[in-house]
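Reader: Could you take me through this model, giving the general idea behind each feature before the case itself?

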Amino acid sequence: MRAHEHEVSLEEAERLHQERVAALVEQHLQESAAPATRTLPSPRRHSWLLPCMVSIVSTAIIGLQTPALLDMLKERPPLRNGTAATDAFTDACINQLWTISSLRQQKQTFTHIVEPLSQKPYVTKTIQGETIVECPTPALHGVTALRISDNAPVPEVIK
Ligand SMILES: [Zn+2]
């Protein structure tokens, strides 16, 4: 009889234990849900923080880049020699000549580069041992020549 009572109380204890566990799980779920709702106003309260940090980071990036930018502006040669008035296509053509000039200095081929206005490849000439690369259709720009050469790697506009 005692043993039976004891068994009953064990079952009872087990049942109570399971209820307790269930209650704890319930409590835990409520507690873990609660902080989420409590912290919601927090980002709004500190809404100034993100733009402020972005601004600090941006300033830092600009600060880091500024010396490089200044160096570039200082060291970059003028876009072209000569004073010819040029339009967008002429500027694009001059940019291609810049690219060709840079490729030539790196001993790389530039035959894949086409003239932006006529879509023709650039013309390479050798005059008295000097290599000249020029726009195939300077007349379309209203000039005599657009070119770079061994002696003048900066694009030249010849009116
Ligand atoms: Zn051109």
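Author: Let us begin with how a helix packs on strands, where helices (H or I, at least four residues) and strands (E, at least two) are DSSP runs numbered from the N terminus, and where two residues are in contact if their C-beta atoms, placed from the backbone, lie within 7 Å. Axes are lines fitted to C-alpha atoms, for helices over the stretch in contact, and angles run from 0 to 180 degrees between N-to-C directions. Here helix H4 (residues 88–105) lies across strand E2 (130–134) and E3, and runs at about 15 degrees to E3. This is a predicted model, in which local features need pLDDT of at least 70 and side-chain atom pairs count only at pLDDT 80 or more, while totals for chains, interfaces and linings use all residues. Residues are numbered from 1 along each chain as its sequence is written.

Reader: Which residues of H4 are buried?

Author: A residue is buried if 20 or more other C-beta atoms lie within 10 Å of its own, exposed if 12 or fewer, and partly exposed in between, with C-beta atoms placed from the backbone. In H4 the buried residues are Thr90, Cys93, Ile94, Gln96, Leu97 and Ile100. Seen down the helix axis, the buried residues of H4 fall within an arc of 155 degrees, so they line one face; the arc is that of the directions from the helix axis to the C-beta atoms. The cover over these buried residues includes E2 and E3, whereas Ala88 and Gln105, on the other side of H4, are exposed.

Reader: In what order do the strands of the sheet lie?

Author: Two strands pair if DSSP finds at least two bridges between them. The open sheet has four strands in the order E1-E2-E3-E4, with antiparallel pairing. Its edge strands, each pairing on one side only, are E1 (123–127) and E4 (156–158). E3 (residues 145–149) and E4 run antiparallel and are joined by three bridges, and alanine 145 has isoleucine 158 in E4 as its bridge partner.

Reader: Which phi does glutamine 119 have?

Author: Most residues other than glycine have a negative phi. Glutamine 119, although not a glycine, has a positive phi of about 60 degrees; it lies in the loop between H4 and E1 and is exposed, with 9 other C-beta atoms within 10 Å. Glutamine 128, in the loop between E1 and E2, likewise has a positive phi, of about 50 degrees, and counts as exposed with 4 C-beta neighbours inside 10 Å.
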